[in-house]
Amino acid sequence: MDMKANKKKLGLKEKYAHMTRGLDWQTTYQPMDKVFPQATFEGIKIHDWDKWEDPFRLTMDAYWKYQAEKERKLYAVLDAFAQNNGHLGITDARYLNAVKLFLTGISPLEYVAHRGFAAAGRNFPGVGPRVACLMQSIDEIRHAQTQIHALSNYNKFYEGFHAGAAHQIERIWYLSVPKSFFDDAFSAGPFEWMIAIGFSFEYVLTNLLFVPFMSGAAYNGDMATVTFGFSAQSDEARHMTLGLECIKFMLEQDPDNLPIVQKWIDKWAWRGIRVLTLVGMMMDYMLPKRVMSWKEAWEIYFEQNGGALFNDLAKYGIKVPDCITQCTVDKEHISHQAWCTFYQYAHASAFHTWLPNAEEMDWLSAKYPNTFDKYYRPRYEQWREMADKGERFYNNTLPMLCQVCQIPMVFTEPDDPSKICYRESDYNGEKYHTCSDGCKHIFDDEPEKYIQAWLPVHQIYQGNCWPEGTDPTAEGFDPMAKVLEWYHIENGKDNLDYEGSGDQANFAAWRGAATQNT
Amino acid sequence: MAVKALSEYNFPAADTQDKFHGNQLLYVGWDDHLMFCAPFAYCIPPSTKFSELVEKHLPHSFGRHPEWAKVDFGKAVWLKSGQPFQPDMNKTLAEQGLKHKDVLRLQTPGLNGNGTYF
Amino acid sequence: MSTVFIAFQTNEDTRPIVESILADNPHAVLDEQPAMVKINAEGQLVIKRESIEERIGRNFDLQELQINLITLSGNIDEDDDQFTLAWKN
Ligand SMILES: [Fe+2]
Ligand SMILES: [Fe+2]
């Protein structure tokens, strides 16, 4: 062995070159285009994969080292949380309904992201993106696991945490919204996947999901969620960078890629923004202590930060997506429209709802001076009146859904917040309805894809949402009770109002026991 | 534009009428009444008379609204796919061309939750 | 000129990092939020290994930043000595 012991350590760039790029090879038993069959069908032209830049230059050995460090930190906090009854330190058990929505709606997406990035990594002929996708794939399964693990602690004490990650994502009506977003991306090719998830979701939108959510969790005393959230988020900077590099790489490789990339940006910006309706509602209604309004978060993270990004991409010919005009109107409405929806369908939801109290409504008026008092306060006041008379309003009929985003058709016309926005398309002799110009545009571009959508309301009516062996012709058959059973929602426990719930009673009793000697 | 795919891309629609056990879908929204967050989806036989829709199905869904009792169906305005539509109470959905997944909007001028759109 | 930013978890590891960044980038603005510190800067932001090492009294690998990183915005350029975030427009 003549290795020189005093040889200087490799620099970051050299090490990355050797341990990443240097590990690639050209296949000889099979032609490269057979080994990478998904590399060209989307129309993206790549001439030189070696031009791919990875600014983090992370090698696998360093990756394991830092990820292990993150896990150690995370589990130290989770252990402390469990040992010290951390669940009693939150502001109010009402807050946990936001966490239930996170566990059921977001954590399963982490798992799909894991699968999707594994597939993307497999399908890119270039070693740079392949290694980056591999790391992201491992990050994403870590996110799914740590989230489920952290929140399992709440499952010991509170309702609604028992079936989220396993069953509900494939079944519950509102969870089809995030699920269909990822299904749509995963069933596209690897380049579109990268724009959909790597760019639109990770770079443009993830800040809106994680940063306010985790700050909100911290503000509400939920150390378990803050810790897994920030642990996941520490990978996110790398994911965002991957998304941005991927888009720049496509645009630099061939001018013919521009229109394809632009189309995907337009589509996935809108798809992502619709999914974030749920986050808007969480920020404005579900946190007992609020960090900032949805509108404020939108302005900071989308308008300012997204604006900087699109300025930067302008040199490649990329334009800001058309849907931004509509978003500027929507930012003052969507969180309220979403909460009004969950309030009236709370019997079919796996978390509790409530009417905002007077102080909360004043906060909303102050944050939404143009819209809240005019359109939304009157709704809450009328519902309050009904509830006070013992006639709490639950909507008894299934809603019409958008064929693309799968959200009930709750959104209003861009120029008239008093009118529901109806859009429709005809395809192969059948009508398809969408909630907006954005969703209609997406449908019309690929109708063959969206006609297959698994729309929860239609599936219920087709009789596909009951437990196996259900006989709908049996005497006294109650279809909605059977749907809840199939949803794994325990009627009277997981759903309905927070006021009067088991969570509310238990939290009060346990917190009392924790602070008194009686 | 067609879906770009590795092989032929042709899959059946998920919600064709044959999957609804003899029923059809019909969507109905009541304009200016956002107590109901979205239009409703009904799954009913094409042989349903329009009068049955108006006297049975709609009241079941909309009945809890304080203004529902004030709706005068003699004066109500209907839109189908956004275009004026004149329903015949005595005809069935099928007889008046209301097809699977058609959408109706009920407009009741003068009623709008006293200006709140509730 | 657009704003770049970087955010870290608020903890003992990041305190000297944040101090270094603020010292090396006089135009940077500190924004403290629950459990998170965010640093905003017009145009660009530079993180220097040496400045961090001076404060913590040991060798520091800039890749260690990733452990406590929450989010960032801007194009990244990283080598052994510094980590730069910039919007070049
Ligand atoms: Fe993730
Ligand atoms: Fe939609």
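Helices (H or I, at least four residues) and strands (E, at least two) are DSSP runs, numbered from the N terminus. This is a predicted model, in which local features need pLDDT of at least 70 and side-chain atom pairs count only at pLDDT 80 or more, while totals for chains, interfaces and linings use all residues. Residues are numbered from 1 along each chain as its sequence is written, chains are lettered from A and ligands numbered from 1 in the order in which they are written, and side-chain values use heavy atoms, with hydrogens and water left out.

**View 1. The three chains and the confidence of the prediction.** The predictor assigns the complex an ipTM of 0.98 and a pTM of 0.94. Chain C has a mean pLDDT of 93, and 99% of its residues reach 70 or more; pLDDT is the predictor's confidence in each residue, from 0 to 100. Of the 2 pairs of chains in contact, chains A and B share the most contacts, where contact means heavy atoms within 4.5 Å. Chain B and chain C are joined by no contact, and their closest C-alpha atoms lie 31 Å apart.

**View 2. The iron ion (ligand 2) and its cysteines.** A:Cys402, A:Cys405, A:Cys435 and A:Cys439 coordinate the iron ion (ligand 2) through their SG atoms at 2.3 to 2.4 Å. Donors are N, O and S atoms within 2.8 Å of the metal (3.2 Å for Na, K and Ca); water is not among the atoms, so sites may look incomplete. The angles among the 4 donor atoms are 104 to 116°, and the site is tetrahedral, a term for four donors with all angles between 85 and 135 degrees. Along the sequence, the donor residues of the iron ion (ligand 2) have the spacing C-x2-C-x29-C-x3-C. A:Cys402 is in the loop between helix H16 (372-388) and strand S1 (412-413) of chain A, and A:Cys435 is in the loop between strand S4 (430-434) and helix H17 (437-445) of chain A, so the pair ties together parts that are 33 residues apart in sequence. Both A:Cys402 and A:Cys435 are buried. Buried means under 20% relative accessible area, exposed over 50%, and partly exposed in between (1.4 Å probe, protein chains only).

**View 3. The iron ion (ligand 1) and its donors.** The iron ion (ligand 1) is coordinated at 2.0 to 2.1 Å by A:Glu110 (OE), A:Glu140 (OE) and A:His143 (ND1). The spacing of these donors along the chain is E-x29-E-x2-H. A:Glu110 in helix H5 of chain A and A:His143 in helix H6 (residues 127-155) of chain A are 33 residues apart, and the pair links distant parts of the chain. A:Glu110 is buried, at 7% relative accessibility, and A:His143 is buried with a relative accessible area of 0%.

**View 4. Two helices of chain A, H5 and H8.** Helix H5 (residues 107-123) and helix H8 (residues 190-219) of chain A pack at an angle of about 145°, with their axes 10 Å apart. Axes are lines fitted to C-alpha atoms, for helices over the stretch in contact, and angles run from 0 to 180 degrees between N-to-C directions. Residues of H5(A) that meet H8(A) include A:Glu110, A:Gly116 and A:Phe117, and those on the H8(A) side include A:Trp193, A:Met194 and A:Phe210.

**View 5. Helix H14 of chain A.** In helix H14 (residues 334-344) of chain A, 11 of the 11 residues are buried, so the helix is largely enclosed by the rest of the structure. Among them are A:His336, A:Trp339, A:Cys340 and A:Tyr343.

**View 6. Helix H1 of chain B and its strands.** The buried residues of helix H1 (residues 50-62) of chain B include B:Phe50, B:Leu53, B:His57 and B:Phe62. The buried residues of H1(B) pack against strands S1 (24-30), S2 (40-44), S3 (77-80), S4 (83-85) and S5 (102-107) of chain B.

**View 7. Two residues of chain C that touch chain A.** C:Gln33 is located in strand S2 (residues 29-33) of chain C and is buried, with a relative accessible area of 15%. Apart from neighbours within four places in sequence, C:Gln33 is in contact with A:Ser215, A:Met292, C:Thr10 and C:Lys38. C:Glu64 sits in the loop between helix H2 (49-56) and helix H3 (65-68) of chain C and counts as buried at 19% relative accessibility. With neighbours within four places in sequence left aside, C:Glu64 is in contact with A:Tyr66, C:Arg58 and C:Asn59.

Technical notes
Tetrahedral: all angles 85-135°; square planar, octahedral: opposite > 155°, others 65-115°.
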